[in-house]
Amino acid sequence: MPDSQTTHSAPIDADRLQAMMDAVEPFGGGEGGAMTRLTLSREDGLARDWLAAWFSANGFAPKVDAIGNQFGLLDLAGPDAPLVMVGSHIDSQPNGGRFDGTLGVLSACEAILAVRDALAQSGSTAACNFAVANWTNEEGARFQPSLLGSSVFTGAAELDWALDRRDGSGITVRDALADIGYAGTDTVRVPDALVELHIEGGPFLDRAGERFGAFTRFWGATKYRLAFIGRQAHTGPTPMAERKDALLAAAHVITGLKTLAGEHGLELHTSVGRLEVYPNSPNTVPGEAVLFIELRSGSPEVLEAAEDSLKSMIDDAAEAVGISYEVRSIDRRAAGRMDAGLIRLAERAAQARGTGTRHLDTIGGHDAVSLSAVCPAIVLAVPSVGGVIHHPTEYTRPEDQAFGTQILADMLMILATEGMAAIALEETPA
């Protein structure tokens with residue numbers, strides 16, 4: 001099987017990639033590198049419009065499905081050929097960073113262009129078609145759960161249920177899609193493989209001075225939306241012994257989760273990333289406190305044990321304060337592994353560019369995690385300076401963006417010339 005850099009090189013245009021990054025940044029960009037492009041917001045709609053125009057201008061067929069997932073299809077091999085999907089998301093966290101997700105979508109655009117150009121220059125026939133994907137609500141900041149668009153795409157979530165999710169203002173996904181003009185009707189088939197380039201969002205590549213990695217294992221997650229229900233009262237005259245303070249119970253759980261994580265060492269991450277307090281007045285004992293709780297682990301056993309501990313913790317907190325509670329939703333995502341054939345392909349392409357491939361765990365969720373249930377999938381990683389993510393100072397150097405995009409393009413070039421056999425693993429003799 002040929003593996004030379006010359007045979008499978010698809011040179012990218014780093015300036016063109018940077019120009020795309022610069023073009024999308026104003027849609028939600030703010031001071032100091034901040035990015036607030038919540039899914040299906042006006043800013044997200046403008047970024048989607050830019051991407052749709054780019055698809056049309058560059059020969060990609062734009063498609064939008066019923067949950068608003070946005071695709072650009074490039075037919076290079078005919079309707080019966082395999083489909084390789086590449087991409088990520090362009091929604092962000094509030095006051096987040098500019099690279100999380102966006103780099104994955106725009107690197108997909110650039111890498112596929114590079115492959116098309118290389119094939120045209122060599123006169124080669126493509127063995128597969130390509131599609132850029134921009135998934136809806138990857139971040140889960142405005143609507144919960146996260147990975148909503150890719151979960152509907154794979155059948156893990158029902159469309160109507162997803163469309164009925166509401167944000168903090170009571171707006172549904174259905175209405176938000178209609179507001180920005182992305183309530184689509186197109187159908188896009190499940191790809192034969194999915195590749196997602198992403199910033200690492202962790203410190204390992206940057207600390208080691210390494211340029212490229214692959215997430216080979218993804219952690220599982222259990223997410224609770226929990227409401228403690230107390231009784232609203234005046235903070236002045238109401239005797240301390242008679243207060244039913246929902247926020248006090250929440251505090252017990254928040255501190256307990258920190259202790260719980262310490263009991264499992266590096267194998268468990270816990271958090272309460274969002275807390276909604278009602279009526280949220282300085283001189284009123286809170287009558288309700290809603291916690292968005294996360295447990296994350298690469299071990300199913302650790303995750304199960306942590307959830308059991310959480311349940312006991314909730315019971316104890318409610319009893320200590322003398323109030324009740326409701327578990328309003330639970331979202332579970334299983335731990336697993338990325339496709340071994342795509343890992344091998346990433347290593348092959350990186351080696352041809354003179355670099356190794358660090359194997360990493362992804363603790364955060366990615367759309368490729370959803371897709372891994374229905375097709376071979378992988379997330380590639382480029383360095384995050386200081387390991388920062390979900391913050392305005394999130395930064396990946398232009399040369400690292402370009403290098404990761406180049407390896408991505410070379411991987412796609414191998415698939416375009418060798419077909420899906422390039423990721424088929426040889427059977428091990430019994």
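Student: In which sense do strand β1 (residues 61-64) and strand β2 (residues 70-74) pair, and over how many bridges?

Tutor: The model is a predicted one, in which local features need pLDDT of at least 70 and side-chain atom pairs count only at pLDDT 80 or more, while totals for chains, interfaces and linings use all residues. Residues are numbered from 1 along each chain as its sequence is written, and side-chain values use heavy atoms, with hydrogens and water left out.

Strands β1 and β2 pair in the antiparallel sense, over 4 bridges; two strands count as paired if DSSP finds at least two bridges between them. Strands (E, at least two residues) and helices (H or I, at least four) are DSSP runs, numbered from the N terminus. Within this pairing, Ala-61 has Leu-73 of β2 as its bridge partner. The hairpin has 5 residues between its strands, and in it Gly-68 takes a positive phi near 90°.

Val-188 lies in the loop between α7 (173-180) and β5 (193-199). Its C-alpha is 9.8 Å from that of Gln-70, although the two are 118 residues apart in sequence. Val-188 counts as buried because its relative accessibility is 10%, where buried means under 20% relative accessible area, exposed over 50% and partly exposed in between (1.4 Å probe, protein chains only).

Further along, the side chains of Arg-189 and Asp-192 meet in a salt bridge, 3.2 Å from N to O; the term stands for a side-chain nitrogen of Lys or Arg within 4 Å of a carboxyl oxygen of Asp or Glu. Arg-189 is partly exposed, with a relative accessible area of 38%, and Asp-192 is likewise partly exposed, at 31%. By this rule the count comes to 19 salt bridges.

Another of these salt bridges joins Arg-217 to Asp-361, whose closest N and O atoms are 2.5 Å apart. Arg-217 lies in strand β6 (residues 213-218) and Asp-361 in strand β14 (residues 358-362), so this pair ties together parts that are 144 residues apart in sequence. Arg-348 and Glu-418 also meet through their side chains, at 2.6 Å from N to O. Here Arg-348 belongs to helix α11 (residues 340-352) and Glu-418 to helix α13 (residues 398-418), so the pair ties together parts 70 residues apart in sequence. Arg-348 is buried, with a relative accessible area of 15%. Salt bridges also link Asp-206, Arg-211, Arg-397 and Asp-400 in a network.

Strand β9 is joined to strand β11 (residues 288-297) by 9 bridges, running antiparallel, and His-269 stands opposite Arg-296 in β11. Leu-275 is found in β9, which spans residues 269-278, and counts as partly exposed because its relative accessibility is 36%.
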